[in-house]
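Visitor: Hi! Could you walk me through this one?
Guide: Happy to, let's bring it up.

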Amino acid sequence: MLQPESEGDLARMIRSANAPMAIRGGGTRAPVEAGDLTTRRMTGITLYEPGALTLVAWAGTPMAEIDAALEAERQRLAFEPWEAARVLGRSGTSTLGGCVATNASGPRRMVAGAARDAVIGVRFVDGEGQVVKNGGRVMKNVTGLDLAKLLCGSRGRLGVLTEVALKLLPGVAASVTLAAEGLTPEDAVAAMSVALSTPFEVTGAAHDPAAGTFLRIEGGGDSVAYRADRLAAALPGEWRQIDADPWPAIRDATRFAGVEGDLWRVSVRPSHAPALVAALPGRWLMDWGGGLIWAETPPGTDLRAQMTCAGHATLVRAAPETHATLGTLHPEPDAVKRLTGGIVSKFDPKALFAHS
Amino acid sequence: MQMPDPNPAILSRKAAVVRRLAEALPEGAVIHAPEEVRAYECDALTAYACPPLAVVLASSTEEVSACLAVCHEEGVPVVPRGAGTSLAGGSLPTADAVVLGVARLNEVLEVSYPDRMIRVQTGITNLAVTGAVEEDGFFYAPDPSSQLACAIAGNIAMNSGGAHCLKYGVTTNNLLGVTVVLMDGTVVEIGGGHMDAPGLDLLGVICGSEGQLGVVTEATLRILPKPEGARPVLIGFDESEIAGQCVSDILKAGILPVAIEFMDHPAIIACEAFAGAGYPDCAALLIVEVEGSDAEIDAQLDRIEEIARRLDPVELRASTSAEESAAIWLGRKSAFGAMGQMGDYICLDGTIPVGELPRVLNGITELTESYGLRVANVFHAGDGNMHPLIIFDANTEGDLEKAEALGADILRLCVEVGGCLTGEHGVGVEKRDLMEVQFDPADLEAQMRVKDVFDPKWLLNPAKVFPLSVSAGRRAA
């Protein structure tokens with residue numbers, strides 16, 4: 001496994017490479033754990049300005065290191081990245097680069113944006129070994145084409161991320177979760193929609209048919225208590241505050257860890273979610289007010305065939321042959337495929353990253 | 001500012017090109033009489049103007065596609081245009097180009113509250129989007145100051161921001177999907193009511209691409225429930241540095257205001273003379289606005305007040321009512337009108353790391369004095385998005401060039417401290433020739449490769465964004 005220790009190192013390795021190489025951060029997210037090149041020796045926070053709500057770090061920096069630095073200043077990442085290690089049964093450490101390359105976002109994504117919305121700048125090495133920078137370290141920047149967005153979620157197909165700049169949020173003093181039991185998928189989505197249409201700033205809205213429906217409010221102590229009361233009064237049915245924090249388990253879909261079966265993440269309009277889950281063959285979990293559905297299917301089943309609505313399904317966990325036959329990512333319409341294919345071949349003309 | 005020479009072969013074929021466009025489009029969609037195309041010779045960057053070959057005002061995605069297909073076959077450049085409010089010359093025509101306007105595409109196509117989204121045609125104005133949903137308690141967050149006039153098409157092209165993006169983000173953070181027409185007329189659907197891209201985030205690179213990649217005719221936008229209320233506090237300081245410190249301290253303390261606006265002394269004086277808002281005569285003013293219930297607003301304003309008091313402000317006035325809020329915002333909201341009274345002005349929008357505010361403000365003062373010009377600063381301090389307004393006299397020979405040279409020096413300073421050339425207006429033609437200050441050749445090459453894929457003949461929005469010397473080979477090919 002190649003382990004570059006600097007951007008220059010990495011650029012040299014890519015320039016001299018002539019066979020495809022799978023890129024890894026900590027090996028916690030990719031369909032296959034093993035890779036040919038890892039960024040995990042390129043670590044460290046290079047700049048952290050709490051007063052400007054910005055942080056810059058090398059791509060191999062463990063997320064835990066970033067979380068700890070933010071915690072010390074009572075700040076946090078808006079997009080609440082989900083951790084894949086448990087559902088994929090991996091032991092590695094999640095890195096910033098892996099998080100950004102997969103646009104990994106958790107429950108707060110529906111209101112606070114995805115990883116791609118928090119990334120304000122990137123450096124990367126393209127398939128010809130050329131170092132490219134885009135964006136910067138300021139929150140508002142429309143200078144030139146936004147390649148930083150293009151790199152987010154690109155899964156190593158355009159190049160290897162070396163450095164990422166992030167926009168941060170202040171931390172929260174308190175968090176309250178309201179829960180209801182026994183709602184049908186229709187009623188749960190309707191209730192979450194009511195909640196997300198109030199001004200009370202709901203930052204989590206999930207429904208787990210086995211555990212209940214959950215709504216989260218975060219912020220300052222008095223403000224949270226006030227908004228939780230007002231929200232409960234605005235909702236249909238009976239809601240109570242719970243002491244337990246269900247959000248880490250919802251974020252990482254841990255319900256699906258350690259069991260057989262393929263696992264998917266499906267993005268749809270929330271109003272389409274009830275019909276979709278009714279057609280699913282296995283267990284499921286709704287996040288983002290219904291906009292995200294985690295679904296378990298028998299091995300090798302094509303969940304996309306069940307989708308009658310617009311949206312996309314990413315295969316998170318399956319045997320390598322299932323990834324190969326069904327495709328990890330949702331197939332794109334021809335016109336889009338021509339554009340993405342064109343971009344990939346411009347950035348990676350030797351197809352070095354075709355197996356990333 | 002240099003523009004490429006118009007292609008004489010296209011100029012000589014004008015009649016044939018116009019005839020083909022007229023055949024492909026309904027009556028009234030094609031404008032070609034010299035006195036009529038003159039209305040489209042510039043946008044809000046009025047220092048530069050050039051009447052186009054012809055103008056097409058499309059009323060549907062199909063018409064946009066038909067126009068582009070004809071121009072593609074004829075090899076005619078196309079300049080997309082929304083409402084023509086670009087401050088960067090983003091829709092400045094060339095003499096051999098067809099201006100393709102989308103202002104007639106102004107319908108709301110779908111509102112879905114259960115999905116918290118609205119789908120519109122992109123000629124609709126920014127404010128009309130909020131207008132379509134506000135009775136039901138929702139709004140569209142990005143609020144550029146031209147929001148009464150500017151079109152969503154232009155907002156997407158420039159990735160527009162506004163005063164409230166500290167909390168709500170800019171256009172790209174509120175855009176869920178687009179219908180985009182490529183230069184060859186192909187209609188492509190990207191995104192929609194669902195979140196995130198299945199593969200490469202094409203939506204992310206289309207937003208802010210300044211008409212270089214395609215013409216966006218429809219957009220799915222995120223709408224948000226209106227907050228219970230909002231109120232500002234006005235804080236005056238004797239020194240700009242201290243005001244800058246106050247901004248950092250507020251953000252570090254864990255408060256996320258919806259807006260932090262900054263005005264320097266020349267701006268305060270000008271606004272006060274124009275609007276009589278009762279601002280104190282001091283070096284720097286901050287207007288910090290927070291949202292929530294009355295009690296939440298009070299609590300946040302108390303904390304901001306506590307932070308500001310430690311820095312010894314010369315004035316601190318928290319609003320307790322809608323009337324007081326209006327009074328605090330009055331001067332800020334009339335800033336551009338007030339500057340207009342002082343003379344002609346260039347409005348820059350370089351963005352800097354918040355911590356560099358004092359250094360950059362001092363640097364701007366020094367540069368301004370060395371040029372013998374005047375600059376007023378009114379800007380979004382929370383996200384470091386500066387708006388130095390360079391005052392000059394367009395009737396004095398050489399004054400515009402001097403103002404532009406000062407502007408370029410100020411933007412170089414912004415890049416030098418770790419910032420960028422433009423935070424929300426876009427590069428257009430205005431900052432095109434400064435791109436090499438911020439980007440290395442490899443950085444620009446990577447961006448141009450994306451354009452190569454979407455627009456291989458380089459016909460869309462010619463001579464914008466990329467320095468002419470850098471794009472020469474591609475444009476000639």
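Guide: One term before we start: domain bounds here come from an automatic or database domain assignment. This is a predicted model, so local features need pLDDT of at least 70 and side-chain atom pairs count only at pLDDT 80 or more, while totals for chains, interfaces and linings use all residues. Residues are numbered from 1 along each chain as its sequence is written, and chains are lettered from A and ligands numbered from 1 in the order in which they are written.

Visitor: Thanks! Which domains is chain A divided into?
Guide: Chain A has domain 1 (7-170), domain 2 (174-252) and domain 3 (254-334). The centres of domain 1 and domain 2 of chain A, taken over C-alpha atoms, are 30 Å apart.

Visitor: How many residues does each of those two give to the contact?
Guide: Domain 1 of chain A gives 11 residues and domain 2 of chain A gives 8. Two residues are in contact if their C-beta atoms, placed from the backbone, lie within 7 Å.

Visitor: Which elements are on the domain 1 side?
Guide: α3 (85-88) and α5 (109-112) of chain A each give two or more residues to that side. The largest share, 3 residues, comes from α5(A). Helices (H or I, at least four residues) and strands (E, at least two) are DSSP runs, numbered from the N terminus.

Visitor: And what classes of residue are on that side?
Guide: The domain 1 side in chain A has 6 nonpolar, 1 polar and 4 charged residues. Ala, Val, Leu, Ile, Met, Phe, Trp, Tyr, Cys and Pro count as nonpolar, Asp, Glu, Lys and Arg as charged, and the others, Gly among them, as polar.

Visitor: Stepping back, how many helices and strands are in chain A?
Guide: Chain A has 13 helices and 17 strands. Its C-alpha trace spans about 65 × 50 × 35 Å along the principal axes.

Visitor: What share of chain A is buried?
Guide: Buried residues are 57% of the 356 in chain A. A residue is buried if 20 or more other C-beta atoms lie within 10 Å of its own, exposed if 12 or fewer, and partly exposed in between, with C-beta atoms placed from the backbone. Of the contacts in chain A with a separation of 6 or more, 70% join residues 24 or more positions apart.

Visitor: Switching to chain B, which domains are there?
Guide: Chain B is split into domain 1 (1-226 + 439-477), domain 2 (230-336) and domain 3 (343-423). Between the centres of domain 1 and domain 2 of chain B, taken over C-alpha atoms, there are 36 Å. Their contact takes 5 residues from domain 1 of chain B and 7 from domain 2 of chain B.

Visitor: What order do the strands take in the open sheet of chain B?
Guide: The order is β1-β2-β4-β3 (chain B), 4 strands with mixed pairing. In chain B, β1 and β3 (78-81) stand at the edges with a single partner strand each, so one side of each has no neighbour in the sheet. Two strands pair if DSSP finds at least two bridges between them.

Visitor: Which way do the pairs run, parallel or antiparallel?
Guide: β1 (residues 30-31) of chain B and β2(B) are antiparallel over 2 bridges. β2(B) runs parallel to β4 (residues 98-101) of chain B, with 4 bridges, and β3(B) pairs with β4(B) in the parallel sense over 4 bridges.

Visitor: What are the bridge partners of V56(B)?
Guide: V56(B) in β2(B) is the bridge partner of V30(B), and L100(B) in β4(B) is the bridge partner of V56(B).

Visitor: Is β2(B) covered on one face or both?
Guide: Both faces of β2 (residues 54-57) of chain B are covered, with A54(B) and V56(B) buried on one side and V55(B) and L57(B) buried on the other.
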